[in-house]
Amino acid sequence: MIALFYIAAIIAVIATVAVILQTNIVHGLLYLILSLLAVAVIFYVLGAPFAAVLEAIVYAGAIMVLFLFVIMMLNLGQHTRDQERSWLTPRGWIVPSLLAGVLLGQLVNVMSQIDHELIPEQVGVMEVSALLFGPYVLAVELASILLLAGLVAAYHLAKTK
Amino acid sequence: MESIPVEHGLILAVILFSIGLIGVLTRRNIVFVLMSLEIMLNAGGLAFIVAASRWGHAEGQIMFLIILTLAAAEVAVGLGLILQMFRRYKTVDINVLSEMKG
Amino acid sequence: MQDLIWLLPTYPVLGFLILVLTAGRLPKNIVAIIGAGSVGLSFLTAAIIATQFLSSGEDYFIREVWTWMAVGNFSPGFNFYLDGLSLVMMLVITGVGFLIHLYATGYMADDPSYSRFFSYMNLFIAAMLMLVLGDNLVVLYLGWEGVGLCSYLLIGFWYANPDNGYAARKAFVVTRIGDTAMALGLFLLFAELGTLNIQDMLNSAEAEWKVGDGLAVVAALLLLGGAVGKSAQLPLQTWLPDAMAGPTPISALIHAATMVTAGVYLIARTHILFELAPSVQELVGWVGLITLLMAGFIALTQSDIKRILAFSTMSQIGYMFLALGVGAWSAGIFHLMTHAFFKALLFLASGTVILSLHHEQNIFKMGALRQKLPVSFFSFLVGSLALTAFPYTSGYFSKDEILIAAHGLEGPGMIFFYGGVLGAFLTGIYTFRLFFIVFFGDSNAAHLPEKEYGGWNMNGPLIALIILSLIGGFFAVPLDPVFGQSEEHHVSGLLHTFMVATPLIGIAISFLIFYTKTIPVEKLMVSSFAQTLHKFWNSGWGFDWLYDRLIVFPFLWLARINRADVIDGFYALVVEISRAANGMIVKTQTGYLRWYALSVAAGLIVLITLGVLL
């Protein structure tokens, strides 16, 4: 199990790096789906099967598909790919990489001071739903309102006239 | 048996987060920027699950659920905005959105 | 009944408020009733209070109304202090004030700003009453400033003409110099004696300071500075002739009967302070003497009827200062009262003359008005006789007392006496010069007057003032409790005759020059020396010229070289710095989304760094 964690971790990192280096949008999306599925595996290893399934179904399954639909609507052709290639100059990577590197260094520095182990038990659906219907029922309501707002906004913003 | 140390999980989340950050700052195609944002959100969710696993209860998963909901709504609205932008400017270059300068 | 003393200034204040709030929308007769009626009510109340006070036989009466402010141990109140001195002043202000208000209802009848005029007049009466009735120097200063304000407003009443505004500003600025000196005096008195309540202050001054104490001298000197400003004495006398730019009723009220006497009141009220500083008291006398002689010479050469009367006022106040300087406090106040009567009479009568001749003020364009304007003629006759101290008029008794008291003083008393007699001689000449030129001889007027201007509301006050000028000398002013028993002075019969006869000789000389023309004026003016002297006296002994060169021109030069405004430059620098900073910061607003994302990331890193470090 532990080895599975590290393997999935490496796959996730490589796939994510590949996402941001792509010129073809659809290829980038596919790499992103790969990354998300690897993270789903990690969730299962960490003892959160419910979250793993959610990640796979909702995130990778619905949200990314939504992305795909919109990209297909935009109908970006070959000239976009050349455009993308011209935009990704090596010079443009320097400052963001520097910033992200500094951030990475700081956060790694902070995180490595924690000294604890993960508990390998599975926290199943029963516990999660008990909490959802119990103390966190308001969170559910708020989430549904958020989704409603997103729905209305998306409908309105995407209208043609 | 030995278990995974917490910092490894969190460091993984941090790595994914910074990769997403690089993507947001570098790419000029707005769809890629949105995708990089998704990467960052996912990394945040991963951090929460790691924390839930460390303490052994389900609150982290609930937080992940909320983040997921948030990501879904955000993607919906963001894609709608991208569609509007594409209709207006006929391009997905992020630099055309610079009318509010000065 | 005496408790109602607080009503005295309240009636005019109410009148002022009503007239201000209705802002000219009321019909003219209502405005007249409110404007003159409020002062009339004050006079009635004052008369009732006066009879009660005099019959009660007490020395003084205090009516506390409320505490104005309470800071530490400084708590002046709005309290009214009634004794013989404030009684006299209060009756003069409300009585003569009422008559002048009544006259003004007729004089200003054609003026479009009728309501504004009466609102200012009422405010003035209220402020003047506060000045004389207050029991502490703060309330007095309030009234002092109030009358200064109203003087400014009323001199520049016809503000459309910029010359009037200039005259008003000149009056205000010159009296301000005096007011500043007075304020400094108040600060000194409070710092040294700890109280501004007049009676308490005078008592503690008497207890703490010996005669001739340096602090007493400085305080008295500063108060004198305030007094000369308000009373138009040397060296702050330049504003009074220009103040004649205002309407004639206010020249009568403010610049003859009441405001210019405020300085005399101040010195009389704080007389103990002046007794503690004999050098300053003597200075008061000298200021009075020099001013009365100076003004007398100037009045000989003037051609505007109101300016002659203005310089005459300056001269008569010089007499009052002379009286205060020799310690004849009661005589000074007595002369204040009689002067209010006959000077108001003269000014109001001149107002009738001016209006009858359609706003003509040059006496050389008048003449032979004796038959046409009978009431004015009689008013001028009685007023001039009283002014020149013709025997048994009111002016005779008061001026007599002053000169006799001056004679009784050792040291400079003789100079004061003979100077005063010379002044009386000059008064005789210039007063009757005015009288003969205006009312006798041939007419030089552009248009002959058809009839005398004014109805009962203008002639009534004139007749009332005629009667007062004649019998006013027989009033017994109750000033002994205030100033202590006045010493009885005697002069030899010869000196007394000399004193009485001199003005009469002046009248006779004027008669010869201006009526019978036995000594023609042209012959006197032949020599160039005479002409230079005439020009010199006409320009007010060159004081305006002097002050222009000393003060006005340097100030204007300073304003001119500072046209770029150094002080403002500092604030402009602040603006420039803001603008430069804005220019720098606005460069961060590029409008590019990626730039903003970059700045968010950078900020995040800074925060985390801070979180890690701290």
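1. Domain bounds here come from an automatic or database domain assignment. For chain C that assignment gives domain 1 (306-519) and domain 2 (564-613). Their C-alpha centres lie 78 Å apart. For chain A it gives domain 1 (1-102) and domain 2 (124-161). In chain A the C-alpha centres of domain 1 and domain 2 are 24 Å apart.

2. On conventions: this is a predicted model, in which local features need pLDDT of at least 70 and side-chain atom pairs count only at pLDDT 80 or more, while totals for chains, interfaces and linings use all residues. Residues are numbered from 1 along each chain as its sequence is written, chains are lettered from A and ligands numbered from 1 in the order in which they are written, and side-chain values use heavy atoms, with hydrogens and water left out.

3. Chain C overall. It has 26 helices and two strands. Helices (H or I, at least four residues) and strands (E, at least two) are DSSP runs, numbered from the N terminus. The C-alpha atoms of chain C fill a box of roughly 110 × 60 × 55 Å along the principal axes. Of its 614 residues, 55% are buried. Buried means under 20% relative accessible area, exposed over 50%, and partly exposed in between (1.4 Å probe, protein chains only). Among contacts in chain C with a separation of 6 or more, 81% join residues 24 or more positions apart. Contact means heavy atoms within 4.5 Å.

4. The strands of chain C. Strand β1 (residues 60-67) and strand β2(C) pair in the antiparallel sense over seven bridges. The pairing rule is at least two DSSP bridges between the strands. One bridge joins C:F61 to C:L82 of β2(C). Seven of the seven residues of β2 (residues 77-83) are buried, so this strand is largely enclosed by the rest of the structure. C:G77, C:N79, C:Y81 and C:D83 point one way from β2(C). C:F78, C:F80 and C:L82 point the other way.

5. Aromatic pairs. Rings of Phe, Tyr and Trp (its six-membered ring) pair if their centres lie within 6.5 Å; planes under 30 degrees apart count as stacked, over 60 as edge-to-face and the rest as tilted. The count is 42 aromatic pairs over all chains. In one of them, the rings of C:W286 and C:F416 have centres 5.2 Å apart and planes at 70°, so the pair is edge-to-face. C:W286 lies in helix α13 (residues 278-301) and C:F416 in helix α18 (residues 413-439), so the pair ties together parts that are 130 residues apart in sequence. C:W286 is partly exposed at 28% relative accessible area. C:F416 is buried, at 0%.

6. C:F417 is buried at 0% relative accessible area. C:Y418 is partly exposed at 39%.

7. Ring pairs also build a cluster. Its members are C:F377, C:F378, C:F380, C:F432, C:F435, C:F436, C:F439, C:F440, C:F511 and C:Y515.

8. Charges over rings. The criterion is NZ of Lys or CZ of Arg within 6 Å of the ring centre and within 35 degrees of the ring normal. C:K28 lies over the face of C:Y114, at 5.3 Å from the ring centre. C:K399 lies over the face of C:Y319, at 4.6 Å from the ring centre.

9. C:T248 sits in helix α10 (residues 248-257) of chain C. This threonine is buried, at 1% relative accessibility. Its side chain makes a polar contact of 2.8 Å with that of C:Y107. A polar contact is a pair of N or O atoms within 3.5 Å; within protein, one must be able to donate a hydrogen and the other to accept it, and residues adjacent in sequence count only if both atoms are side-chain atoms. Leaving aside neighbours within four places in sequence, C:T248 is in contact with C:Y107, C:K306, C:F347, C:S350, C:G351 and C:I354.

10. C:L223 belongs to helix α8 (residues 214-230) of chain C. This leucine is buried at 0% relative accessibility. Not counting residues up to four places away in sequence, C:L223 touches C:M182, C:L189, C:L266, C:T270, C:L273 and C:F274.

11. A:L157 is in helix α7 (residues 137-157) of chain A. A:L157 is partly exposed, at 24% relative accessible area. Beyond residues up to four places away in sequence, A:L157 touches B:V77, B:G80, B:L81 and B:Q84.
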